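Subject: Structure handover

Hello,

Here is the structure I promised to pass on. Please open it next to this message; my notes follow below.

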Amino acid sequence: MNVLASPAQLRASFIRWALFMVPLILLIGFTAGQLGGPNTPWFAGLKKPAIYPPPVTFGIVWTALFIMIGVALAMVASAWGAHGRGIALIAFGVHFIISQSWTAVFFGKQDMMAGLMVLGLSVASLLFALALVWRVRRPAALLLLPYLAWLCFATALNYQFIAANPDGGAPSADGAATRVQL
């Protein structure tokens, strides 16, 4: 027996998923942010590229992106019966875990080159997930495009940090760095 849901039931399903997904994505992002951060002597000692935005920008942008990601995932999750719904959610979940590991790699391990590789894999996995999300809910895929743009910017910024700091910022055991310039 096939029963179509009413518009009210579809809205209720979306709202329930949004009330779950948005806080979940915010929690994952916040937790990943605790695995390392820019408040270290190592990062303070790095030369900042010209495209490096004011630090306050990152919190604002990531919060907005996490909310958009949560809403997009709620749109996909509430698409009951849509072909490819499950695989799209799984692909995005795998991508998001990869993406959120960048903080631990770049700031925690103080490895800019590995951070660049994580970002490259993040962009590639997001493109794959976007193609799957597009098949389920096109508006959800469109809602993820600013996230793709930010990941591309982050990749360029990471590369610029490597170019500006070819020595890698000389990490030490306690994360401190001493730079002497003659």
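Of the 182 residues in the protein, 40% are buried. Keep in mind that this is a predicted model. The C-alpha trace spans about 80 × 25 × 25 Å along its principal axes.

The secondary structure is quick to describe. There are eight helices and zero strands. Along the sequence the pattern reads α-α-α-α-α-α-α-α.

Helix α8

Start with α8, which covers residues 145–164. How far apart are its end C-alpha atoms? They are 29 Å apart. That agrees with expectation, because 20 residues at 1.5 Å a residue should span 28 Å.

Several residues of α8 are buried: Y147, L148, W150, L151, A154, T155, L157, N158, F161 and I162. Look at the spacing of those numbers with helix geometry in mind. An α-helix has 3.6 residues a turn, so residues three or four places apart point the same way. What do the buried residues of α8 pack against? Their partners are α2 (41–44), α3 (56–77), α4 (85–100), α5 (102–108) and α6 (112–136).

The pair α4 and α6

Two of those partners also meet each other. The axes of α4 and α6 come within 8 Å and cross at roughly 160°. An angle over 145 degrees counts as roughly antiparallel, so α4 is roughly antiparallel to α6. Their crossing is left-handed.

On the α4 side, the contact is made by R85, I87, A88, A91, F92, H95, I98 and S99. On the α6 side, the residues are V118, L121, S122, S125, L126, F128, A129, L132, V133 and V136. By class, this contact has 13 nonpolar, four polar and one charged residues.

A104 sits in helix α5. Is A104 buried or partly exposed? Its relative accessibility is 24%, so A104 counts as partly exposed; buried would mean under 20%.

A104 and A32 are 72 residues apart in sequence, yet their C-alpha atoms are 7.3 Å apart in space. Leaving aside neighbours within four places in sequence, A104 is in contact with L35 and K109.

That is what I have so far.

Best wishes

Key: Residues are numbered from 1 along each chain as its sequence is written. This is a predicted model: local features need pLDDT of at least 70, side-chain atom pairs count only at pLDDT 80 or more; totals for chains, interfaces and linings use all residues. Side-chain values use heavy atoms; hydrogens and water are left out. Helices (H or I, at least four residues) and strands (E, at least two) are DSSP runs, numbered from the N terminus. The expected span of a helix is 1.5 Å times one less than its number of residues. Buried means under 20% relative accessible area, exposed over 50%, partly exposed in between (1.4 Å probe, protein chains only). Contact means heavy atoms within 4.5 Å. Axes are lines fitted to C-alpha atoms, for helices over the stretch in contact, and angles run from 0 to 180 degrees between N-to-C directions. Angles under 35 degrees count as roughly parallel, over 145 as roughly antiparallel, 65 to 115 as roughly perpendicular and the rest as oblique. A crossing is left-handed if the near helix is turned anticlockwise from the far one by less than a right angle, and right-handed if clockwise. Ala, Val, Leu, Ile, Met, Phe, Trp, Tyr, Cys and Pro count as nonpolar, Asp, Glu, Lys and Arg as charged, and the others, Gly among them, as polar.
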